[in-house]
Amino acid sequence: MPASPPKDRLRLAVQKSGRLSTDSLDLLKSCGIRVKAPKERLLLHADNFPVDVLFVRDDDIPQLVMDGVCDLGIVGTNVLEEAALERRHNGDGGGYLVERPLDFGGCRLALALPEERPYTNLRDLEGLRIATSYPQLTKRFLAEQKIKADVVYLSGSVEIAPRLGLADVICDLVATGSTLEANKLRAIDTVFKSTAVLIRNTREFTADKTHALEILLRRIDGVQRAAGAKYIMLHAPKASLAAIKKLLPGSENPTILPLAGDDTKVALHAVCAESVFWETMESLKQAGASSILVLPIEKMML
Ligand code: ATP
Ligand code: ZN
C-alpha cells in the first residue's frame with residue numbers, strides 16, 4: 001500500500017503496559033504491522049501500514065474512541081461496557097462499534113466473599129457493602145437480580161477490601177482464581193464475562209481509512225481463523241478413506257493424491273478448523289491411517 005498522508009492514517013489505541021499489551025502488539029505483528037514496543041513515546045507510527053498506535057491506560061481507551069480522538073481501540077469488554085454505562089448514566093453521547101471479538105484477554109467479573117462467610121444464594125447479599133472498580137456493571141447486575149446492596153468504588157486492590165473492613169463482598173476480575181484464593185475469598189457468581197475486542201468510533205471514515213480498516217480486519221480474520229487450525233497429512237488405504245474422512249475435525253474437501261509405488265493407498269491432505277488431538281490421531285491410526293503429520297497454520301485467507 002502506498003504511504004498515506006498523516007491525516008489519513010488510522011489511529012489505534014492500545015494498552016501501554018498491562019495484561020492486554022503484549023497480545024495487542026502480537027496481533028498487529030501477526031497482521032504484518034510493524035510497531036516497536038512503547039518506551040517513553042506515546043504515539044508510534046507503523047512503517048509499513050497506515051496506522052499509528054497510541055499507548056495509553058486501558059481505562060482511557062473507550063473515551064478516546066467514543067470521542068473520536070482515536071479511530072480504533074483494543075480493550076476489554078469489561079472496561080468498555082462500564083464506560084458505556086457511565087456515559088449513558090451521565091447523559092453523554094458518543095458511541096462505538098465492536099468490529100471484532102479477539103481471542104485474548106478473557107476473564108470474568110465475579111462477586112466474591114471471604115471464605116468463612118456463610119452463603120447460600122444471592123439473597124444473602126441484601127444490605128451488604130460491595131467494593132468494586134466496576135460500579136456500573138455491578139449495579140446493573142444487582143438491579144437485574146433485584147438485590148439491594150451498597151456499591152462502593154475502589155480504583156484498585158479491591159481484593160483486600162474485606163480484610164480492611166471496607167466491604168463485606170467484592171466484585172472483581174477473575175481469570176484463574178489464584179488472587180481470590182491468596183486472599184481467602186471465594187467466587188459466588190459471575191456478573192460479566194469479558195474478552196478483548198477491537199472497537200471503532202461511529203463517525204464516518206475517509207476512503208483511505210475505510211480501505212485500511214478493511215485490510216486490517218481481513219488480516220485479523222486470517223490470523224484468528226488460523227489460530228487452532230491445523231494442516232493434516234496422512235496415508236490412507238483406499239478402502240478406509242470414507243471412515244478416515246469422517247474422523248477429521250472440521251475439515252471440508254480434503255485433497256487426495258496418489259502414492260508412488262502403492263496403489264492400494266492414497267495421501268490425504270486437509271485443513272482442520274479445530275485442533276487435532278492425540279485421541280483423533282489414535283482413532284485415525286486405528287481406522288488404517290499411517291504417516292500422520294499435523295502442521296500448524298500461520299495465516300489463512302478464504
Ligand atoms: P492500566 O494501567 O492500563 O489501567 P490495569 O491495571 O487497569 O492497567 P490490567 O490488570 O493490565 O489493567 O488488565 C487489563 C485488562 O485485561 C482488564 O481490564 C481485562 O479486560 C483483562 N484481563 C484479562 N485477565 C485478567 C485478570 N486475570 N485480571 C484482570 N484483568 C484481566
Ligand atoms: Zn486500567
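Which pocket does ligand 1 take up? The space taken by ligand 1 is the largest pocket. Keep in mind that this is a predicted model.

Begin with the overall layout. The protein is divided into three parts by an automatic or database assignment. Domain 1 covers 10–105 + 196–226, domain 2 runs over 107–192, and domain 3 spans 229–296. The centres of domain 1 and domain 2, taken over C-alpha atoms, are 29 Å apart. Their contact draws 9 residues from domain 1 and 8 residues from domain 2.

Now place the ligand in that layout. Both domain 1 and domain 2 give residues to the shell around ligand 1, so the ligand lies between them.

Next, look at the shell itself. It holds 16 residues. Those that come nearest to ligand 1 are Gln-15, Arg-19, Arg-57, Asp-59 and Asn-78. By class, the shell has 6 nonpolar, 6 polar and 4 charged residues.

In Gln-15, a side-chain N or O atom is 2.8 Å from an oxygen atom of ligand 1. For Asp-58, the distance from a polar side-chain atom to a ligand oxygen is 2.9 Å. Asp-59 also places a polar side-chain atom by an oxygen atom of ligand 1, at 2.7 Å. Each of these pairs falls within the 3.5 Å cut-off for a polar contact.

Last comes the cover over the ligand. On its own, ligand 1 has 630 Å² of accessible area. The protein covers 76% of that area.

Technical notes: Residues numbered from 1 in each chain as written. Chains lettered and ligands numbered in written order. Predicted model: local features only at pLDDT ≥ 70, side-chain atom pairs only at ≥ 80, totals over all residues. Heavy atoms only, no water. Near = heavy atom within 4 Å. Polar contact = N/O pair within 3.5 Å; in protein donor to acceptor, adjacent residues only side chain to side chain. Areas by Shrake-Rupley, 256 points an atom, 1.4 Å probe, with all protein chains shown as cover. 1 Å grid on protein atoms, 1.4 Å probe; cavity = no way out; pocket = protein on both sides within 12 Å on 5 of 7 lines; lining within 4 Å. Sits in = over half its atoms within 2 Å of the grid points. Nonpolar A, V, L, I, M, F, W, Y, C, P; charged D, E, K, R; others polar. Contact = heavy atoms within 4.5 Å.
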